[in-house]
Amino acid sequence: MNDRGEGHTFKRFDGQLSNLHLMVTKMGQSVHQQVQDALTAFRTQDIALAQKVLARHSDIDRMELAADAEIVEVIARNSPLASDLRLVVAVSKSVGDLQKIGEEATRMALLLEEIRLESSTPLIESLMDGVDRMGVLVLSHLDTAVGLFDQWDEQKALYVIAGHQRMDGDFQAELHRVMTCLLEESLDVKAAVRLVLLAKSLDRIIHHALNLAEYAMFEIYGGFDLSSEA
Amino acid sequence: MAQRTLGPPLFSGAEVAQKILRGGPEQDPFASDQLAPSVGEWRSPKPRVRCEDLRVRFAGREVLKGVTLDIGRNEVISVIGPSGAGKSTFLRCLNRMVEASEHCEVQGRVFLDGEDIYAPGVDAVSFRGRIGMVFPKPNPYPKSIYENVAYGLRIHGLVSCKSEESSLVELVFRQAGLWREFSRRLFAPALSLTAGEQQRLCIARALAVNPEVILMDEPCSSLDLGSGAKIEQMIDELRQAYTIVLVSHSLKSAARVSQRTAFIRQGRLVEVGPTDRMFTTPSHPLTDRFISGCSE
Ligand SMILES: Nc1ncnc2c1ncn2[C@@H]1O[C@H](COP(=O)(O)OP(=O)(O)OP(=O)(O)O)[C@@H](O)[C@H]1O
Ligand SMILES: [Mg+2]
């Protein structure tokens, strides 16, 4: 695919376009790291690690701004069409979702800074295990979704897109467990709220990962049937 | 949160496109001249013009290799493609002007409102009045603005007296949206007009004989952006009453004014479809390559 354009102008902006993909991949990796560290920090009650996550928040924002600037430039200079146009739109939308995932990581880190788990009881341990399981699932979905911008794989995309269903079940189950513990008064309210908020953040991240897979799908095929949107 | 389900891929060539767009196949599908049959909706239920397996040879060299396409009523269809693809040749088949070239052989059929214009015994000139043509460079007659329009009316026997003629000329200019601009200088020489004005006059001249179809071969190519925009606006207004086939080198211009777009490459119709889809999600990888590689 070296000799693109056969029209009037040869395509000079192939490099710029693959750079856009690279930006998504890099931002995706950073965001993935943030989520992973936030989860680890929570698990190990590591305030220092949580603070690192918070400190890196501005890096993610900077990456978003840089990507936005690049996108605007590509549009202004090259007015991309067809698959190029879809690429630019997909990247632009992805960057927005990645930034929001970054925010979730920050939120999770703040949760730990604000309220620490006083004592770890077997009950809290088992609830944490549930959150951890969600975390592993979320990280793998995020990783796969971001990878789609590096190498397209329809099966993987469909897997991520179906992921929110898997996750919805997990989140509901986790919520249910926490509620039960609360009703039995064996868990204090603060810990319960933290766990639910954490689980909710993970739930939102997996929805963003789903969006990423959809944008990648849009770039390849050009569209979704949104008529069945609930 | 919104729950989306994945619809069916928008086009059947999805797998092909996927392989090509994201690398993969060892052999380059563009290297070969073998094209898949054209994709897209080339049929229209009530066509104004229907082309069937249209082939043109110049001195034995086939430059149009079997184009089958319907052109509907009240639509602007743009024809895009690389230089030398056969766009102008295709256009000139629709009014049999192509036959004026030397060593030219035309095969296939073209129906205008169901009538085969290439049928034996059909006089090539008889239906020229039903199909108007506008050329890349404005070519007004070296006469007055008024005469440019009146001449066609007269030779087609559409007027019987002077007063009828002048009122018809006015009507044509009004219809073309040019009356306000030209009414006060009707008897100025057409060649004194700017290129943009001359081109609009040529469109008015094409309208004068009340055609059903207007063929435009890159009508904006010799004009500056502003004059081009005025022509585009005119095309959009004329769509209400005419069928317009527009050959355009400017993809932007094609995207702005046409409802359907046909992509011709190496004498073949590769793909035809609704313009908005062609410019965002073309089905054929060759179309994608042309449209994206061509973006200005
Ligand atoms: N009268 C002619 N005699 C011989 N060859 C011709 C004639 N007219 C066109 N051709 C050839 O037919 C092919 C198609 O020409 P055509 O003018 O239709 O292309 P086009 O798509 O309109 O190109 P462009 O975008 O440059 O106007 C070209 O290879 C051209 O050289
Ligand atoms: Mg031409």
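Buried denotes under 20% relative accessible area, exposed over 50% and partly exposed in between, with a 1.4 Å probe and protein chains only. Helices (H or I, at least four residues) are DSSP runs, numbered from the N terminus. This is a predicted model, in which local features need pLDDT of at least 70, side-chain atom pairs count only at pLDDT 80 or more, and totals for chains, interfaces and linings use all residues. Residues are numbered from 1 along each chain as its sequence is written, chains are lettered from A in the order in which they are written, and side-chain values use heavy atoms, without hydrogens and water.

**View 1. Helix H10 (residues 285-293) of chain B is mostly covered.** Nine of its nine residues are buried. Among them are Pro285(B), Leu286(B), Phe290(B) and Ile291(B), together with Asp288(B) and Arg289(B).

**View 2. Helices H1 (residues 14-44) and H3 (residues 57-78) of chain A cross at roughly 165°, their axes coming within 10 Å.** H1(A) is therefore roughly antiparallel to H3(A) (angles over 145 degrees). Axes are lines fitted to C-alpha atoms over the stretch in contact, and angles run from 0 to 180 degrees between N-to-C directions.

**View 3. Residues in the contact of H1(A) with H3(A) (heavy atoms within 4.5 Å) divide into eleven nonpolar, six polar and four charged.** H1(A) contributes residues including Leu20(A), Met27(A) and Val31(A), and H3(A) residues including Ile60(A), Glu64(A) and Val74(A). Ala, Val, Leu, Ile, Met, Phe, Trp, Tyr, Cys and Pro count as nonpolar, Asp, Glu, Lys and Arg as charged, and the others as polar.

**View 4. Chain B has a mean pLDDT of 85 (predictor's confidence in each residue, from 0 to 100), and 86% of its residues reach 70 or more.** Over residues 1-36 of chain B the pLDDT is below 50.

Technical notes. Helix = DSSP H or I, 4+ residues; strand = E, 2+ residues; numbered from the N terminus. Parallel < 35°, antiparallel > 145°, perpendicular 65-115°, else oblique.
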